[in-house]
Amino acid sequence: MQRHWIILGFLLVVGALSAGVWSYGYSQAVGQLAKRGEADLELASGRLSTQLQRFQETAVLLADHPALDHLDTPLGLEAAKALLLGVADKTSALELMYADRTGTVLVSARGLAPPNLNARSYFRRAMQGALGSGHGIKDPLERRAYYYAAPDFSPDGRVRGALVIAVDIANIEWDWRGSKPAVFFTDTRGEVFISNRSEILFWRRGPGGAGLIPPNGGALPFQAQVLDPHEIWRLDWGPYLPDTALHLVQNLPVIGLRGEALIDVAPARQLAWLQTYAVAAICLAFGAMLFLATERRRTLAEANAVLESRVSERTRALSASNVQLRREVSERQEAEAALKKAQAELVQAGKLSALGQMSAGISHELNQPLMAIQQFADNGTAFLERGKAERAGENLGRISQMATRMARIIKNLRAFARNENEPMGRVDLVQVINTAVELTEPRLKADGVDLIWASPTQAVYAWGGEVRLVQVFVNLLNNAADAMAGADLREIEIKLTPGARLEVAVCDTGPGIEEPEKIFDPFYSTKAVGSSEGMGLGLSISYGLVQSFGGNIRGSNRTRGAMFVVELDYYKEGTAV
């Protein structure tokens with residue numbers, strides 16, 4: 001709530017400051033505008049006085065012209081008229097005329113003069129020996145005219161007449177009508193007689209000097225305001241006059257008029273508003289930054305207090321969590337060690353399970369050489385008794401071959417059955433497959449399975465572990481043999497395909513895979529429950545072993561039978577590709 005009052009107070013201060021700036025700026029701008037306006041009014045007044053002065057000098061110079069001394073004769077009258085007409089044409093005067101002391105017009109240039117001028121003030125002034133001037137409507141054309149009357153003196157010094165020149169005011173106005181600012185000249189009666197805005201001609205000053213009133217009467221909107229020392233008029237007098245204007249006045253006693261100007265103050269108001277907007281914007285921007293900085297500090301202080309409280313709470317919670325995490329880490333490490341041990345035991349159990357499946361065939365494979373050895377030994381003894389040493393040597397050679405074959409089978413069995421703890425490295429994939437074939441060959445023969453395997457003559461090196469890879473392919477071959485139990489066509493094909501990676505495909509002609517998506521799940525098996533042929537761990541173990549080498553294994557169905565593909569990385573010196 002306190003912040004709201006502070007903001008309100010700040011806005012009030014900014015408003016008061018803006019008002020002060022506007023008032024000061026407006027006053028200063030009006031002052032500058034007044035100086036320019038006074039110069040413009042003085043220029044317009046001087047121009048008008050100069051233009052009228054030409055006709056004044058013409059009247060003075062022409063008043064005592066000799067051609068005006070013989071107006072009592074027709075010839076003299078004709079000469080005087082020609083003189084006045086020539087001067088009128090050259091000076092653009094509305095009319096030139098000469099009158100005697102009684103005011104009777106004796107001659108005129110254009111014949112537009114009234115018959116008698118005695119009632120005219122400017123003529124009576126000339127009869128007193130001084131230069132007379134005045135203004136009014138020129139009959140019979142109803143045109144505005146300014147008059148100069150110059151006295152004509154007789155040789156005895158008495159005034160015998162006067163030369164009067166009438167100036168066409170419209171002729172003077174034409175070259176500055178519509179120019180800025182709006183300027184008008186009023187006479188002693190307050191009537192507008194000359195102006196560069198024709199719409200206010202003949203308007204009269206209202207009672208008490210309040211604005212101007214049209215000739216047909218009726219007050220127009222007007223309001224005067226004093227902005228010391230200037231006077232501001234608010235009016236609505238037409239599209240060519242400003243709505244708000246600075247009113248300036250300059251007296252012109254030489255021509256008997258008063259010059260007035262209406263200077264549009266809109267530029268001054270715009271400048272004042274611009275200054276006000278700038279000051280208000282700066283103040284509001286500064287206030288906003290100050291408010292934001294204060295709010296930021298307050299928010300940070302509050303957030304800091306909350307943060308410190310939370311930190312204290314979190315510290316206590318973290319201390320308790322750390323104790324719990326240490327306990328959980330210890331338990332997880334023990335569980336991980338137990339899991340690794342169980343996995344190793346599971347792999348070993350898989351090997352032993354495979355050996356169990358192959359035991360009958362291996363026993364037969366070993367029994368045959370043993371029986372052959374016994375037979376060859378008996379034959380060798382008989383040949384020796386008969387003195388046939390060469391034939392006895394042949395039998396001994398065959399006994400050696402049989403012993404070598406049995407040693408190779410036993411070596412493979414021992415390598416397959418042992419736990420492999422050596423790190424991964426370079427493995428001859430061809431030799432691995434050959435070893436797996438040798439281990440499973442007895443069982444495949446016993447089951448009547450034909451094996452198609454074209455062993456490459458050159459070694460192909462992969463990244464992995466030799467014994468574990470042998471176990472993978474033994475599992476795949478045993479599973480393929482199991483799948484084809486009872487099938488009329490029993491055939492396993494092994495294909496080694498080098499590509500982006502090494503691929504080994506094991507294909508059978510069995511019934512295929514019922515649920516390919518579950519084939520690598522632990523304990524998944526299509527064999528009868530309680531069967532002694534396995535627990536469904538062979539493919540799961542194989543999947544884990546291949547994954548540990550950075551490879552992949554996948555199973556799919558063919559047109560007839562299933563296909564398992566093992567993908568392995570090539571071996572490169574120091575690392576796998």
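## A strand pair, its sheet and the helices around it

Strand 17 (residues 491-498) and strand 18 (residues 502-507) run antiparallel and are joined by 6 bridges; strands here are DSSP runs of E with at least two residues, helices are runs of H or I with at least four residues, and both are numbered from the N terminus. Two strands count as paired if DSSP finds at least two bridges between them. Please keep in mind that this is a predicted model, in which local features need pLDDT of at least 70 and side-chain atom pairs count only at pLDDT 80 or more, while totals for chains, interfaces and linings use all residues. Residues are numbered from 1 along each chain as its sequence is written, and side-chain values use heavy atoms, with hydrogens and water left out.

- An open sheet of 5 strands has the order 15-17-18-20-19, with mixed pairing.
- Its edges are strand 15 (450-453) and strand 19 (552-557), each of which pairs on one side only.
- On average, neighbouring strands of this sheet are turned by 15° against each other, direction ignored.

**Helices on the sheet**

- Helix 7 (residues 429-446) lies across strand 15, strand 17, strand 18 and strand 20 (562-568), and runs at about 170° to strand 15; axes are lines fitted to C-alpha atoms, for helices over the stretch in contact, and angles run from 0 to 180 degrees between N-to-C directions.
- Helix 8 (residues 466-483) also packs on the sheet, where it touches strand 15, strand 17, strand 18, strand 19 and strand 20, and its direction makes about 175° with that of strand 20; contact means heavy atoms within 4.5 Å.

**Strands 10, 11 and 12**

- Strand 10 (residues 222-227) pairs with strand 11 (residues 230-235) in the antiparallel sense over 6 bridges, and the two form a hairpin with 2 residues between them.
- Strand 11 also pairs with strand 12 (residues 244-252), again in the antiparallel sense, over 4 bridges.
- Glu-231 is a handy landmark here: in strand 11 it is the bridge partner of Val-226, and it stands opposite His-247 in strand 12.

**Helix 1 and helix 2**

- Helix 1 and helix 2 pack with their axes 12 Å apart, at an angle of about 160°.
- That angle makes helix 1 roughly antiparallel to helix 2, a label for angles over 145 degrees.
- Helix 1 passes helix 2 in a right-handed crossing, meaning that the near helix is turned clockwise from the far one by less than a right angle.
- Phe-55, Thr-58 and Leu-62 in helix 1 meet Leu-83, Leu-84, Val-87 and Thr-91 in helix 2.
- By class, this contact has 5 nonpolar, 2 polar and no charged residues (Ala, Val, Leu, Ile, Met, Phe, Trp, Tyr, Cys and Pro count as nonpolar, Asp, Glu, Lys and Arg as charged, and the others, Gly among them, as polar).

**Individual residues worth a look**

- Ser-18 sits in helix 1 (residues 2-63) and is buried, with a relative accessible area of 11%; buried means under 20%, exposed over 50%, and partly exposed in between (1.4 Å probe, protein chains only).
- Leaving aside neighbours within four places in sequence, Ser-18 is in contact with Thr-276 and Ala-280.
- Ser-92 is not a glycine, yet has a positive phi of about 60°; Ser-92 is found in the loop between helix 2 (74-91) and strand 1 (95-100), and counts as partly exposed at 40% relative accessibility.
- Phe-202 has a positive phi of about 70° although it is not a glycine either; Phe-202 lies in the loop between strand 7 (192-195) and strand 8 (204-205), and is partly exposed, with a relative accessible area of 30%.

Notes:
Parallel < 35°, antiparallel > 145°, perpendicular 65-115°, else oblique.
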